[in-house]
Amino acid sequence: MNNKNIRVRYAPSPTGHIHIGNARTALFNYLFARHNNGTMIMRLDDTDRRRSTDEAIKTMVEDIQWLGIEWDEGYLKGGPYGPYRQTERMDIYNKYIDILLKEGKAYELYYTEEEVHSIREKLKKEGKNFSYRLLKENETEERRRTFKDKNLTPAVVFKVEDDREIIVKDIVRGNVHFNTREFKDFVIRRTNGIPVYNYATVIDDALMKISHIIRAEEHLSNTPKQLLIYDALHFPHPEFAHISLIFAPDHTKLSKRHGATSIGEYRNMGFLPEAMFNYLVLLGWSSKDDREFFTKEELINLFTLQDVNKAGAIFDINKLRWMNHHYIEKLSYKEIMDRAKEIGIDFSGREIGFWKEFIESTKEHLIVLKDIETLSRPFLAKEFNIKKDIISELKSTEVLPLLKKFRENLSIASVWTKENVLSTIRKTGKSLKIKGRNLYFPLRLAITQSKEGLEIHEFIYFLGKDETIKRLDYIIKELEKNA
């Protein structure tokens, strides 16, 4: 196929933030289109009118754009094959349903969904198989007349050929064989007038001249039904590529119980789009040289569907965090501040000089941008609250003398640098013959009220001389009171 004729599509149900799996599908479509100088289309499967609100659509678009995916045609862009929202294409769907009905490839069914469900359950209890076609054969003229008198719309059912072999030629999975014995006639338009996914997506893909359908493997079982519709309407087949599902580390389907599952959640936590872009592409695809870090341009140049793996991909949050840290370290302090402001981090508590030095000094500790809030909180707090369990841990015979001596040495320090603070700590330890953990850990507990965080000399430097002495006085008083 000539590359200029390559057309792919991303067709989400816009019900809010994009799931990790859907984002990966969008990325694979984007990279394939860009690699082949093709066209990427965005269309909206927005027939769930209750959930596909304007706000949900806006959120979905923001997630896609944040991730760095640009589409060429479709929603918000326009193009020659619109409209690009399913709710605006009902006349088109009905036109082709009329053709199927006229040619006897589909039939109307005068039963409500509730009635069908009731009959299906009754037959199941009796150990019998349900069949739309059998239901149609037993349909009476009286039923049809009553249906129309109530202004009810009949469902439309596609008629499946008996015992037909169907081969799905899949770029990722090879030839996958199905037989129509595995499924029976199926509904293509519900009684509410809304077409079902398996029908609407065929009409859209065919009329929009989609050349390659890249989607999750959970849609593979839908493909034989869709191919029957393609053939019934004499549409040419697109090429298919069904990519593996994304699993949690316990090899179960990724869900809320495993943590965040949407792009929006990771965005709000302070993950960078370039890190997320890079990581998601590696879920199911790998380069021939086993590299892990790529620019977008490199991925566009290297990506092929032939390098996509069949096996399920494991979403490892720790690897994503590691990768995000790598990308943060490459940013300047100003870039970090600008990105952090986008997710609502407030820098008004201290002057810009403080933040410049603080971010440059703590960059190696930043896994996500939200860590800036966690690390800077002690330097912005207006009150110093002593934790009772910390006081208990500091009740050692050598801690009180250590705190007093350090306070004394700190009070006469003339130059305020990180190096001088560290020198003061070491000088204190040497005079008391205390070193290692016995020196640094009590100071950390007393001044930070925490067992982890920045190096203690860095913490003291950013806290400031006056505030550090104030805290030491407070702790010393508490220890003397409890001695």
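# A walk through the strands and helices

Start by selecting A106, and you'll find it standing opposite F158 in strand 5. Before moving on, know that this is a predicted model, where local features need pLDDT of at least 70 and side-chain atom pairs count only at pLDDT 80 or more, while totals for chains, interfaces and linings use all residues. Residues are numbered from 1 along each chain as its sequence is written, and side-chain values use heavy atoms, with hydrogens and water left out.

**Stop one: strand 5 and its partners**

Now pick strand 4 (residues 106-109), which pairs with strand 5 in the antiparallel sense over four bridges. Two strands count as paired if DSSP finds at least two bridges between them. Strands are DSSP runs of E with at least two residues, helices are runs of H or I with at least four, and both are numbered from the N terminus.

Which residue of strand 8 is the bridge partner of V157? Click on V187.

Show the side chains of strand 5 (residues 155-158) next. A155 and V157 point one way, V156 and F158 the other, and all are buried (under 20% relative accessible area; exposed is over 50% and partly exposed in between, with a 1.4 Å probe and protein chains only).

Head over to a three-stranded open sheet with the order 1-2-3 and parallel pairing. Its edge strands, strand 1 (7-10) and strand 3 (73-74), each pair on one side only.

**Stop three: helix 1**

Select residues 20-35 and you have helix 1. How far apart are its end C-alpha atoms? They are 22 Å apart, which agrees with the 22 Å that its 16 residues should span at 1.5 Å a residue (1.5 Å times one less than the number of residues). Since 13 of those 16 residues are buried, helix 1 is largely enclosed by the rest of the structure. Just after the helix, look for N37, which takes a positive phi of about 55°.

**Last stop: helix 15**

Finish at helix 15 (residues 371-380), whose buried residues are D371, I372, L375, S376 and F379. They cover an arc of only 105° around the axis, so they sit on the same side of helix 15 (the arc is that of the directions from the helix axis to the C-beta atoms).

Technical notes. Contact means heavy atoms within 4.5 Å. Axes are lines fitted to C-alpha atoms, for helices over the stretch in contact, and angles run from 0 to 180 degrees between N-to-C directions.
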